[in-house]
Amino acid sequence: MKVRIRISAIIGTICLVASLALTTASADEPAAAQQTAQITLKQVATAKNPTAGAAGPGGKLWVAERAGTVRVLGDKGLGKPVLDISAETTTDGERGLLGIAFDRKYAHFYISFTNLEGTSTVDEFAVRKGKIQPHTRRTVLTQTQPYANHNGGDIKIGPDGYLYIALGDGGSGGDPHGNGQNLGTLLGKLLRIDPRGGKPYAIPADNPFVNTPGAKGEIWSYGLRNPWRFSFDAGTGDLLIGDVGQNDWEEIDWAPASSKGGENYGWGQMEGTHPFRGGTEPVNHVPPVHEYDRSNFGCSVTGGYVYRGKAIPALRGQYVFSDYCDGTIRSLQMRNGKVTAVNDLGVNGGEIISFAQDRDGELYVFTIGGSLSRIDAA
C-alpha cells in the first residue's frame with residue numbers, strides 16, 4: 001500500500017494505506033449489468049485496522065488485522081483471534097499483516113506479513129476441520145525490503161491453483177533502485193509460485209521468465225509500483241491489479257485469463273499512460289485499462305473485485321473499487337478488455353483500505369478505522 005506523503009494528516013495506520021486498487025469485468029454480461037446499480041453499506045462488524053479478507057472453511061469470511069491477528073466473521077461479528085503473530089510483525093510505515101489466502105480445498109492457509117526486520121514473508125499453515133494447525137507452520141518465501149513503504153503484500157490463489165504474491169518496488173519514491181523494470185529482483189512484481197510443489201516452493205515451468213538469463217523465474221508480471229490489492233474474476237478468471245501511483249495517476253491493470261504472463265505495466269518509466277520523469281515507454285508496455293488523476297481528492301487506489309454475487313443483479317460483472325482518500329465506491333464495466341463505463345455507485349465508504357469477497361461472491365468494504373461493511377442492494 002502506498003501512502004501518499006502528502007497525506008501527512010493521517011498518521012501511523014495511514015502509512016499502511018497508500019497502495020491500493022484493482023480491476024476486472026466480464027465481456028458478455030446481461031443487459032442488467034449495463035445499469036447503474038443502487039447500493040448501500042451495511043456494517044457487520046468492527047475490527048482493529050483490518051487489511052485483508054478471505055473466504056474460509058464453512059463459508060465464513062476470515063479477516064486479517066494489521067497488527068498480526070486473524071479473526072473469523074460470524075453472525076455476532078468477529079470472533080476471538082484464530083491466529084496471532086503480533087509479536088512477530090511490525091506496523092511501522094506501511095508494514096504489518098497485509099494478506100491472507102486459502103487454497104481451493106481450504107487445506108492450507110497463507111499469510112503475508114512484514115517481520116520485525118521489515119522483511120516481506122509468506123508463511124503456510126495446514127488447516128484441519130476448519131482450524132489452523134500452528135505446529136505445521138513453515139516459511140514459503142521471503143523478500144528483504146529496502147524501505148518501509150510500498151510493500152505490496154496481497155496474496156491470492158489463482159484459478160490455476162498457484163499462489164500469486166504482489167510486491168511493491170521497494171519503497172522510497174520514484175523507484176530509486178530501478179526495481180520495477182529489473183527482472184533480476186522480485187520487487188515491483190506479481191509472482192506466481194507452487195507452494196506445495198517443492199521446498200520451500202516450486203516455480204511453475206510455464207512461468208514467462210523461467211528460461212530468461214538473469215531473470216527471476218517466480219515473476220509473472222512486472223513494472224508495478226505498489227500493487228496493494230489484486231484479484232481474479234471468479235466468473236472469467238481475468239486478473240485485475242490496483243497499482244498506486246507516484247504523484248499524478250492511479251491505475252488499474254488487467255490481464256485476461258488466457259494470459260501466459262510477462263506483462264510489463266510500465267513503472268518506473270511510466271505512471272499510468274504517462275511517461276514518469278522523462279521516462280521512455282517500454283516497447284512491451286501494457287497500459288492500464290483505467291486510470292484517474294488526483295484532481296478529485298483521490299490519492300491511492302484501493303483495488304477490489306468483479307462482483308459475482310446475487311444480491312445486486314445490476315452490479316453483476318462489474319469491477320468494484322475505491323480510493324483511500326476519496327472513499328467513493330465506483331465500478332468499471334468492461335467488454336473485451338476495454339472499459340465501457342465508469343460508474344459512481346453513490347456511496348462513500350470513508351478511508352477504504354481493502355475489499356473482501358465471500359464464498360457467495362458478495363463484497364465487503366474495510367476501512368482503516370475498523371468498520372467492516374457488506375455491499376447490499378439499496
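Biologist: What makes R192 and D206 a salt bridge?
Modeller: The closest N and O atoms of R192 and D206 are 2.8 Å apart. The rule asks for a side-chain nitrogen within 4 Å of a carboxyl oxygen, so the pair qualifies. Keep in mind that this is a predicted model.

Biologist: Where do R192 and D206 sit in the chain?
Modeller: R192 belongs to strand β13, and D206 to the loop between β13 and β14. The two are 14 residues apart, and the pair links distant parts of the chain.

Biologist: Why is R192 called buried?
Modeller: Its relative accessible area is 4%. Buried means under 20%, so R192 falls in that class.

Biologist: How do you know that E88 and R137 pair, and which parts do they link?
Modeller: Their side chains meet at 2.9 Å, N to O. The limit is 4 Å, so this is a salt bridge. E88 lies in the loop between β6 (83-84) and β7, whereas R137 lies in strand β10 (residues 131-143). They are 49 residues apart.

Biologist: Are E88 and R137 buried, exposed or partly exposed?
Modeller: E88 has a relative accessible area of 32%, and R137 has 27%.

Biologist: What about E65 and R71?
Modeller: Their side chains form a salt bridge at 2.9 Å, N to O. Both residues are buried. By this rule the structure has 13 salt bridges.

Biologist: On to rings. What makes the F209 and Y222 pair edge-to-face?
Modeller: The ring centres are 5.7 Å apart, and the planes stand at 80°. F209 is in the loop between β13 (189-193) and β14 (219-222), and Y222 is in strand β14, so the pair ties together parts 13 residues apart in sequence.

Biologist: How do you know whether F209 and Y222 are buried or exposed?
Modeller: F209 comes out at 10% and Y222 at 7%. Buried means under 20%, so both are buried.

Biologist: Why does the pair of F230 and F232 get its label?
Modeller: The distance is 6.2 Å centre to centre, with 85° between the planes. The limits are within 6.5 Å and over 60 degrees, so it is edge-to-face. F230 and F232 are both buried. The structure holds ten aromatic pairs. Ring pairs also link W62, F102, Y106 and F109 into a cluster.

Biologist: Which charged ends sit over the rings of W228 and W267?
Modeller: R229 sits over W228, 3.7 Å from the ring centre. R225 sits over W267, 5.4 Å from the ring centre. The distance limit is 6 Å, so both pass on that count.

Biologist: What lines the largest pocket?
Modeller: There are 25 lining residues, with A55, F102, I157, A234 and Q357 nearest the centre. Strands β2 (50-55), β7 (97-102), β11 (155-157) and β15 (229-232) each give two or more residues. Eleven lining residues are nonpolar, six polar and eight charged. The volume is about 640 Å³.

Biologist: And what of the second largest pocket?
Modeller: Its volume is about 210 Å³. It has 14 lining residues, and D160, Y164, W220, A257 and S259 are the closest to its centre. By class, eight are nonpolar, two polar and four charged.

Notes. Residues are numbered from 1 along each chain as its sequence is written. This is a predicted model: local features need pLDDT of at least 70, side-chain atom pairs count only at pLDDT 80 or more; totals for chains, interfaces and linings use all residues. Side-chain values use heavy atoms; hydrogens and water are left out. On a 1 Å grid over the protein atoms alone, a cavity is a set of points where a 1.4 Å probe fits but cannot get out, and a pocket is an open set with protein on both sides within 12 Å along at least five of seven lines; lining residues have an atom within 4 Å of a point. Grid points are joined across faces, edges and corners, and a volume is the space filled by probe spheres set on the points. Helices (H or I, at least four residues) and strands (E, at least two) are DSSP runs, numbered from the N terminus. Ala, Val, Leu, Ile, Met, Phe, Trp, Tyr, Cys and Pro count as nonpolar, Asp, Glu, Lys and Arg as charged, and the others, Gly among them, as polar. Rings of Phe, Tyr and Trp (its six-membered ring) pair if their centres lie within 6.5 Å; planes under 30 degrees apart count as stacked, over 60 as edge-to-face and the rest as tilted. Buried means under 20% relative accessible area, exposed over 50%, partly exposed in between (1.4 Å probe, protein chains only). A charge sits over a ring if NZ of Lys or CZ of Arg is within 6 Å of the ring centre and within 35 degrees of the ring normal.
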